[in-house]
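Subject: Model for you to look over, with notes

Dear colleague,

Please find below the structure that I promised to pass on, followed by my notes on what turned up in it. I would be glad if you could read the notes with the model open beside them.

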Amino acid sequence: MSPVRVMVVDDHPMWRDAVARDLGDAGFDVVATAGDGAAAVRIAAASRPQVVVMDLQLPELSGVEATARILAADPSCRVLVLSASAERPDVLDAIRAGATGYLVKSAGATELIEAVTRTSRGEAAFTAGLAGLVLGEYRRLAAGPEPADGPALTTRETEVLRLVARGLTAKQVATRLSLSIRTVQNHLQNVMDKLQVHNRAGLVRYAIEAGLDEES
């Protein structure tokens, strides 16, 4: 397999270079870097990274806005936020913009490499504690009842979606349900097609609004 194409966006040159070096040493193909949000949008369109490692506090254009614009132009791209902030508004704004994961800058190189790998597969990657924050906040904000006229999911699709909403990876879901990873991925794709969502974050939002993340 070809190495995952990664772009690193940060306005501090030494930090940006260090992250790019760590990822390159780990076998990723660092195709581009950028020092501000506006440049990130332009460069991403030209370099077509599979994963963008994105800071939030950027000149010209915020990391949240840059994330939204990059994903609007290329929905197949995935964004992992790497920020000094672990504040609730910053985390939630990033996820609403389409980020797949959120890591704080206190993370070590090993955690970063694992997070980029998971992000490249479309799996949520969060610093410990932040996944619960995101799930809890979306549950709190879900004001409406369960969708009455939503698309019909099979029992197995609902089981898979319920576990994904609780933060399990496809591999963990497969183990829990005694299925192959490919079968789980097929179920997830079927659910995304039925719900007309394009990424795991959309699945999680739907599941929370439907109460599927609650313990049975």
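Helices (H or I, at least four residues) and strands (E, at least two) are DSSP runs, numbered from the N terminus. On that basis D55 lies in the loop between β3 and α3 (63–73), and the chain as a whole has 10 helices and 6 strands.

Two remarks on the source come before the rest. This is a predicted model, in which local features need pLDDT of at least 70 and side-chain atom pairs count only at pLDDT 80 or more, whereas totals for chains, interfaces and linings use all residues. Residues are numbered from 1 along each chain as its sequence is written, and side-chain values use heavy atoms, with hydrogens and water left out.

The annotated residue

I begin with D55, which UniProt lists, in an unreviewed entry, for "modified residue: 4-aspartylphosphate"; UniProt positions are given here in the numbering used for the model, feature names are shortened, and annotations may be inferred rather than shown by experiment. In the model D55 has a relative accessible area of 4% and therefore counts as buried, where buried means under 20% relative accessible area, exposed over 50% and partly exposed in between, with a 1.4 Å probe and protein chains only. Of the 216 residues of the chain, 46% count as buried.

Contact means heavy atoms within 4.5 Å. Leaving aside neighbours within four places in sequence, D55 is in contact with V9, D10, D11, G63, L82, S83 and K105. Across the chain, residues 24 or more positions apart account for 65% of the contacts with a separation of 6 or more.

Cavity and pocket

On a 1 Å grid over the protein atoms alone, a cavity is a set of points where a 1.4 Å probe fits but cannot get out, while a pocket is an open set with protein on both sides within 12 Å along at least five of seven lines, and lining residues have an atom within 4 Å of a point. Grid points are joined across faces, edges and corners, and a volume is the space filled by probe spheres set on the points. The structure holds 1 cavity of 30 Å³ or more, and the largest cavity contains about 30 Å³ of space. At least two lining residues each come from β1 (5–9), α1 (13–25) and β3. By class, that lining divides into 7 nonpolar, no polar and 3 charged residues, with Ala, Val, Leu, Ile, Met, Phe, Trp, Tyr, Cys and Pro counted as nonpolar, Asp, Glu, Lys and Arg as charged, and the others, Gly among them, as polar.

The largest pocket holds about 690 Å³ of space. It is lined by 29 residues, of which R78, R121, G122, M192 and R200 are the closest to its centre. The elements that give two or more residues to this lining are α4 (88–96), α8, α9 and α10 (200–209), and the largest share, 6 residues, comes from α9. The lining of the largest pocket has 12 nonpolar, 10 polar and 7 charged residues.

Individual residues

T127 sits in the loop between β6 (125–126) and α6 (130–141) and is buried, because its relative accessible area is 13%. Its side chain reaches the backbone nitrogen of V104 at 2.9 Å, and, not counting residues up to four places away in sequence, T127 touches Y102, L103, V104 and E111.

R69, in helix α3, is partly exposed at 44% relative accessibility. The side chains of R69 and E65 are joined by a polar contact of 2.9 Å, a polar contact being a pair of N or O atoms within 3.5 Å, where within protein one must be able to donate a hydrogen and the other to accept it, and residues adjacent in sequence count only if both atoms are side-chain atoms. With residues up to four places away in sequence not counted, R69 touches V41 and L61; the C-alpha atoms of R69 and V41, 28 residues apart along the chain, are separated by 6.7 Å.

Lastly, R48 has a positive phi of about 50 degrees although it is not a glycine, and R48 lies in the loop between α2 (37–47) and β3 (51–54), partly exposed at 46% relative accessibility. S178, likewise not a glycine, has a positive phi of about 55 degrees; S178 is found in the loop between α8 (170–177) and α9 (181–195) and is exposed, with a relative accessible area of 67%.

With best wishes
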